Amino acid sequence: MPAEAKVPASTARPAVQPASPPLTERQEARRRRILHASARLASRGGFDAVQMREVAESSQVALGTLYRYFPSKVHLLVATMQDQLEHMHGTLRKKPPSGETAAERVAQTLMRAFRALQREPHLADAMVRALTFADRSVSPEVDQVSRQTTAIILDAMGLDDPTPEQLSAVRVIEHTWHSALITWLSGRASIAQVKIDIETVCRLIDLTRPREPHWAPGREGPHPSGPRARKNLRDGSG
């Protein structure tokens with residue numbers, strides 16, 4: 001493991017907290033230059049190619065400024081993964097999956113994201129290694145990656161208000177997708193095996209779908225599968 005990945009949490013510079021004031025337009029532009037420089041270097045040579053001094057030079061910021069944004073290479077590469085996922089999310093929204101069921105749509109979405117990472121294997125390896133190396137000091141950045149992945153899956157499911165059981169299924173799907181990336185990058189799984197694993201775990205979505213009561217002809221009131229009926233069931237008024 002490179003020396004930069006071994007910086008103890010007690011000696012690393014403090015991470016930027018989510019509660020920090022919003023970045024100014026100039027600061028946001030600087031941050032984006034840093035992330036783009038990180039992605040370029042990682043694309044060329046993977047984790048080892050991302051050196052903080054080279055990132056600073058490539059993004060035209062002082063080294064001290066770079067460390068104020070990202071306390072270590074691991075912080076930087078995890079943030080780079082969140083940025084890449086955000087870009088993927090925008091692309092997926094422009095061309096949503098076409099599967100008939102939520103499970104099919106999520107599987108299609110995750111495989112599209114996987115293939116996008118497959119086109120940049122060095123970058124994918126660098127970002128996944130950073131996630132693997134991340135300790136508690138990188139929790140805010142790791143949480144951002146998780147939230148972005150969750151948003152991608154929920155969009156594919158077509159859910160705005162998931163149940164606790166559905167969120168649990170989403171977390172298991174995220175873990176499987178991440179594990180599939182690791183096994184593929186290490187050469188221990190083929191693309192075909194990854195596809196099977198993703199499709200299999202996405203079937204959890206069907207198991208967590210809220211069940212609706214049986215409706216018989218002649219029963220008064222709206223069909224229990226309608227939006228108002230579902231709301232009444234949740235409120236206890238149906």
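Analyst: A cavity is a set of grid points where a 1.4 Å probe fits but cannot get out, and its volume is the space filled by probe spheres set on those points. The structure shown is a predicted model.

User: What is the volume of the largest cavity?

Analyst: The count comes to one cavity of 30 Å³ or more. The volume of the largest cavity is about 30 Å³.

User: Which helices each supply at least two residues of the lining of the largest cavity?

Analyst: The lining of the largest cavity consists of Leu85, Leu110, Ala113, Thr149, Ile152 and Trp177. At least two residues of this lining come from each of two helices, H5 (102–118) and H7 (139–157).

User: Which residues touch the most other members of the largest nonpolar core?

Analyst: In soluble globular proteins, nonpolar side chains tend to be buried together. The largest nonpolar core here has 60 residues. With residues up to four places away in sequence left out, valine 106 touches Ile153, Ala156, Met157, Ile173, Cys202 and Ile205. The residues that touch the most other members of this core are Val106, Trp177 and Cys202.

User: How far from glutamate 174 is the nearest side chain of opposite charge?

Analyst: Glutamate 174 belongs to helix H8 (residues 164–185). Apart from neighbours within four places in sequence, glutamate 174 is in contact with Ser146, Thr149, Thr150 and Ile153. Glutamate 174 is buried and has no salt bridge; a salt bridge requires nitrogen and oxygen within 4 Å. The nearest side chain of opposite charge is that of arginine 171, at a distance of 7.4 Å.

User: Which residues are linked with Arg32 in a network of salt bridges?

Analyst: Side chains of opposite charge can pair when their charged atoms come close. Arginine 32 meets glutamate 28 in a salt bridge at 4.0 Å, N to O, and arginine 32 also meets aspartate 83 in a salt bridge at 2.8 Å. The residues linked with Arg32 in the network are therefore Glu28 and Asp83.

User: How many residues apart in sequence are the parts that the pair of aspartate 83 and arginine 32 ties together?

Analyst: The side chains of aspartate 83 and arginine 32 meet in a salt bridge. Because aspartate 83 lies in helix H4 (residues 73–94) and arginine 32 in helix H1, the pair ties together parts whose separation in sequence is 51 residues.

User: Is aspartate 83 buried or exposed?

Analyst: The cut-off for buried is under 20% relative accessible area. Aspartate 83 has 8% relative accessibility, so this residue counts as buried.

User: Which helix holds both lysine 195 and glutamate 199?

Analyst: Lysine 195 and glutamate 199 form a salt bridge, with the closest N and O atoms 2.5 Å apart. Lysine 195 is partly exposed at 34% relative accessibility, and glutamate 199 is partly exposed at 31%. The two residues are four places apart, about one turn of the helix, and both lie in helix H9 (residues 191–202).

User: What is the relative accessible area of glutamine 60?

Analyst: Most residues other than glycine have a negative phi. Glutamine 60, although not a glycine, has a positive phi of about 60°, and glutamine 60 lies in the loop between helix H2 (52–59) and helix H3 (63–69). Glutamine 60 is exposed, and its relative accessible area is 66%.

Definitions and conventions: Residues are numbered from 1 along each chain as its sequence is written. This is a predicted model: local features need pLDDT of at least 70, side-chain atom pairs count only at pLDDT 80 or more; totals for chains, interfaces and linings use all residues. Side-chain values use heavy atoms; hydrogens and water are left out. A nonpolar core is a set of buried Ala, Val, Leu, Ile, Met, Phe, Trp, Tyr and Cys residues joined through side-chain atoms within 4.5 Å. Buried means under 20% relative accessible area, exposed over 50%, partly exposed in between (1.4 Å probe, protein chains only). Contact means heavy atoms within 4.5 Å. Lys and Arg count as positive and Asp and Glu as negative; His and the chain ends are not counted. On a 1 Å grid over the protein atoms alone, a cavity is a set of points where a 1.4 Å probe fits but cannot get out, and a pocket is an open set with protein on both sides within 12 Å along at least five of seven lines; lining residues have an atom within 4 Å of a point.
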